[in-house]
Amino acid sequence: MKRRKLLSLFLVAAMVLTMAGCGGKSAADAMGEEQPDTAQTQEQEPETEGDAQEAAEGESSAAQPAELDTSERVDLVFYVMGDAPDDEQMVEDAINEILLEKVNATIDMQFSTWTDFQQKYSLELTAGSADLIYIANWLNYGQLATSGAFEELDDLLDTVAPVLKETVGETNLDMCRVEGKIYAVPCAWAEYVCNGIKYREDLREKYDLPVPDSLENLEAYLMGIKENDPNQGLLTVTTEESQGFLTGFDAAWVFNLKYPWVNANGLPYGLASDYDSPADVYDYWYSDDFAEDMKLMKKWADLGFWSKSALSDTNNSESYKNGLCVAEVAGQNPNKQITALQDFKNDGHDDWKSEYIAYGEITNTIYPGHATQNGTAVVRGSKNPERALKVLEILMTDEEVNRLVQYGIEGVHYEIDDQGIYHNLEPAHPTFAYEGFNTWALRNGEFKLPQETDIVLNEMFDKYEKLGEQTKFPNVNIYNGFSENYDAYQAERTAVSNVMKQYLAPLQAGLVDNVDAAVEEFRQKMTDAGIEICRDGFKEQWAAYCDEYGYK
Amino acid sequence: MKIKKAGTTVVFEVITYALLAIGSIVCVFPFIIILSGSFTDNTTILTQGYSILPRDFTLSAYQTIFRAPRDILQAYKMTLYYTVVGTAVGLFMITLTGYVISRKEFKYRNQVSFLIYFTSIFGGGMIPWYLMYANVLNMKGSTFAIWFPALMSPFLVILMRTFIVGSVPDAITESAKIDGAGHFTIFIKIVMPVLKPGLATVGLFLALGYWNDWYRSSMFSTNSLTWELQFYLYDLLNATTALKQMTQGTGISTAQLPTESVKLAMAVVATGPILLLYPFVQKYFVSGITVGAVKG
Amino acid sequence: MEKELKLLPRFNSILDKEFAGRQTGVFITAAVSLLNIVLSLPFLSWINLVNIPVLFPRLKITRDMAENIFQGYSIFNLLSFVKESNQGMIGLYAMILLVILAAALYFNAAYAVRVIFNLKGNKGNLIIYATGRTAMIFQMMLAGAAFGYTVFANSKFGMRGFQASPVVYIVFVLSLLSYLAVKVMESYERAVYKEHGILEEIRKNWVLFIMLIPTFVYFMINNYLPMIGVYYAFTNFNFRDGLWASPFIGFKNFDFLIKADLFRLTRNTILYNLVFIGVGNILQIIFAIFVSQVTVKWFKKTSQTLMFMPYFVSFVILKVLVYNIFEYQYGLINNIVTSMGGDRIDFYNTPSYWPVLITLFYLWKNIGYGMVVYLATIIGIDTEYYEAAKVDGANIFQQIWYITLPLVKPTFIILLLYALGSIMKGQFELFYQMIGNNGVLYNVTDIFDTYVYRITMTQPLSIGLGTAAGLYQSLFGFIIVVLINFLVKRRNPEYALF
């Protein structure tokens, strides 16, 4: 009895084996002759999960800038960076009153705060709870758009927000294209963020030193101050906070004085190309120039231009403001110069004078900021993409609403004087500061109220605009329009980033004993980390980009 | 009654007092620097460094922090609320669980302990955790999302089990059971009273966890009215680094950033109250001994 | 139970027959276990693709993609289908199947081994039956889930494209029968040993179960449900497809860990943690004993409070303090050194100082905090022990050695075991703030967490990467804890964590 039972069990097993054993074959043969069909399906738009997408496309087929159906009230969320102003609710109420009347919608601003904001920004997109979101290239706009985080706006702009499209302008919108599609609406206000050197003009005059417009003059300027006042701090530099692939240590920014690069600090992975010939990429890290430059850094470090512990320096935000250093070379821009002027005045240092010299002035590579530096996008998965875009249009193009969202309520938060200058009514502790919602992406040159400091700033911008005209590509920001897709070499890229921290930073900080040996070691480690793979990947994409836009 | 101390005891006491004194000084020293720094003029700190006594005494750092007293008082209030609610509910749940998994007659006590412990090793990471509260439970912006996630921790549950096993002999609960007492009666009448040092320890850890937390506000708060105190201060600190990073490539005018002395004053403001609370908790550590002494 | 027995009298009589001195049923069900293992092996397909000419275009599978796609899949290579066909959505499901498969294989093998070698526990065959029951439950779950998979996939694509192979049905039926058989045998054995099952346990201790309900809810919400997220470790996330439908990429995310200097990172992390755990606990015990022995009340309270204070110093502040102490030109230490005529010490460019410094600051920050647990334990010790020892003439050192330390031991072991589970998880804030971006010090100060933090910073969409790193840490800690817990349990079950 039991034998038979066991036997039958194994019989069953054998049967199963024969029946199921044929599964390992490739399925290609079984596909049949459906080939052409398949290919066609491939060509079509990838289908998405969200209904919103389909709804959006349905809308676009209506073609006409038809009346938006506003019968149902919607409550939208606008996610922006930074901290909320005290009077958030009051201003929102004022805006919503108008929005309800115009498009039957309300808006709720949500703020990232400055804690872990990068992480929370991607979380917000993952969770998809916002409708409108602030975008910028420093928030990886390019990569996020490629990855499908935002709604495509090409058609929606025509059907829902033609006024917005006109206000911002085709050129600006084109700069926000990623893989041919528009995913964001940039602000309608051009600015120049030319990096440069901020230095103490009063000290320069006092000791009769040269203007730091070249490496030699910068050295002479710093040396001169050191000789006259040995206790004076000179430069405050530290390891790069942001994870760029350009430099490892702040001091290396000074080489922008020497090279007319297409972008501050060149191209990633130790590559470089000149502004006049962007497609002509050459090697920097493995060149003799690099070794020479590192020797200069060593010399400067030995001269005591910065602290020997600078790699770990933590306290650099206020050095210039408090006179602890006499020049800043990394991450500076005209706005920071204005801030310094203001700080000196507020702190009662009336005899201190700050002066600014842009690297591009010397190397003739002045270009404006890129449109993707401030923009707004519609989050993929938003239930009301049309309404969201419509609201964005109102926020940007309606003077009353734009003023409200940017400056708060007139008479409560700010006033405009006879010259049309903006004044906050509670300057000591503003309940709604200038651009208090941090909606830098909603700037509209037409309605923008100038602050007192904007007079100086605009002078600087005018100067740079003229200089920008004289370049080979007049007033074009070439590099920031490019977004790299590094999926294929992520692992190598990570390794390269580590080598930069470990070997490039001490080199650029001049903290090695033997520069030649350290350069050799750095290059070796880079090669081991697979820099060539990153470079090949980057070069290929960069060449294609330059080709597409005619940057020859 | 005075007993003559043995030589070894004297030696031991000398060592004890000496080492504790040294330890205390080492521990309190940085705190004194922070305290004095918070009363020092900012420029003085930057140019001359830290000192033990304040130089150029000023209250301006505290004035800056309390310039908007509404905000900081609100943050205090909320933190107090989270700490009280979280500690009370959490302590109750932890003690209950500790009691159950310390019962010998509970067949699955090892399995349950394992399942609880397992969560301290394995996790799905922050993203699914965030989505659980934000999207599934739709709790973003609520105070619930701030106190609930920290109610229990495997560490505290297991610590509580150890305390219960150590301080409640089986014989006592067995005899109570024979007298017809149910689990809840045993738990409240017998276990809780003898567990004072354990309750104080776990409660202290829970309360500290709530007091020091800023992460959940960072993740779930949509309105500064629900911010925890530490987040209120931490966010100000972070603004410095964040804005520096961000404004390199773009022309965003920066708001007023906190100065060094303000940072130090914040540390004092955030720490002060809980330091006043700690001696209060200490009472329970001491009382454990006196109960024993009376018995002896 | 009684009912079941009446329903299956004949079935029962077969099971009960003696064979080699034991019940036949045990051998039959063990054979089913072995058969289950065989049927689960990779060369048998569980799920077949049918109607391929219609199905593939619907899945947007092209001809060259189809080259790598099979007509039939076992559970083992089911994930490869997900990968080759870019069907992220069913990837998670395949993942769950794989986990159940692993459990089923483990318990089936364990059951077979236990039966063959007759490994009994202290309660007769009960442990064997429990294993068998678990094995069969998992096997049924596996078959059920595999069937569910086809239903799920078919409904997702709106056609009959996936079919469960006969293996699935056979496995299910066999496992169900074996399960019942084991259950019947178990009920006899239980009667012998007066053991009971879960229903009986719930009836008896329902109050305890009710006490656990809030805990259950909490850990489900906070820990167990989000655990599904480990699936992200095997995907390449993009927003277009979302969290669950992003392409499945197998172990590619783990490449980062392997390409990193994994050995060095693991070594650093473990060494630091061992020192932290070892030295930290010893000092905490010593200071707890000190504090408990102090009789002057104000001194006791003050020293305890003061030692607790460093815990409140946030790392952001600590970083600034440390920099001001160790800076080259103006730092406190170098000022002292130069005023005594010495040479300045270049701390921030000399890696060898930092392991010691980091350890010191860790101890500084945590001794007062960790001491509380030991203090509470020591206070809980009955003073009668000490009185008795004093009568016997034991001096203070002997009292500590023979009374305090042995009674502190259980707490110590629990804390130790607990800490070991996180041996691959470092004190991120401590290292990150103290070292920051100073690459010169990385060789000796880079731990796993700081490394992962840096790589995730270079990539905005590194969800998979971060999860993969976490998974590695968890697995590492898990294996260590299970091993050590096993050893502890063999010596003294009272001390074991679980």
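Chain C of this predicted model comprises 24 helices and five strands, where helices (H or I, at least four residues) and strands (E, at least two) are DSSP runs numbered from the N terminus. Its radius of gyration is 30 Å, well over the 23 Å that the globule rule gives for 498 residues, so chain C is more spread out than a compact globule; the radius is taken over C-alpha atoms, and the rule is 2.2 Å times the number of residues to the power 0.38.

**Conventions**
- Residues are numbered from 1 along each chain as its sequence is written, and chains are lettered from A in the order in which they are written.
- Local features need pLDDT of at least 70 and side-chain atom pairs count only at pLDDT 80 or more, whereas totals for chains, interfaces and linings use all residues.

**Burial in chain C**
- Of the 498 residues of chain C, 46% count as buried, a residue being buried if 20 or more other C-beta atoms, placed from the backbone, lie within 10 Å of its own.

**Interface of chain C with chain B**
- Contacts, defined by C-beta atoms placed from the backbone that lie within 7 Å, link 74 residues of chain C with 77 residues of chain B.
- Among the elements giving two or more residues to this side of chain C are helix H14 (262-293) and helix H24 (463-491), while H11(C) gives the most, with 11 residues.

**Strands of chain A**
- Strand E1 (residues 74-80) of chain A and E2(A) pair in the parallel sense over seven bridges, where pairing requires that DSSP finds at least two bridges.
- Within this pair, Phe78(A) stands opposite Met109(A) in E2(A).

Methods: Buried ≥ 20, exposed ≤ 12 C-beta atoms within 10 Å, placed from the backbone. Contact = placed C-beta atoms within 7 Å.
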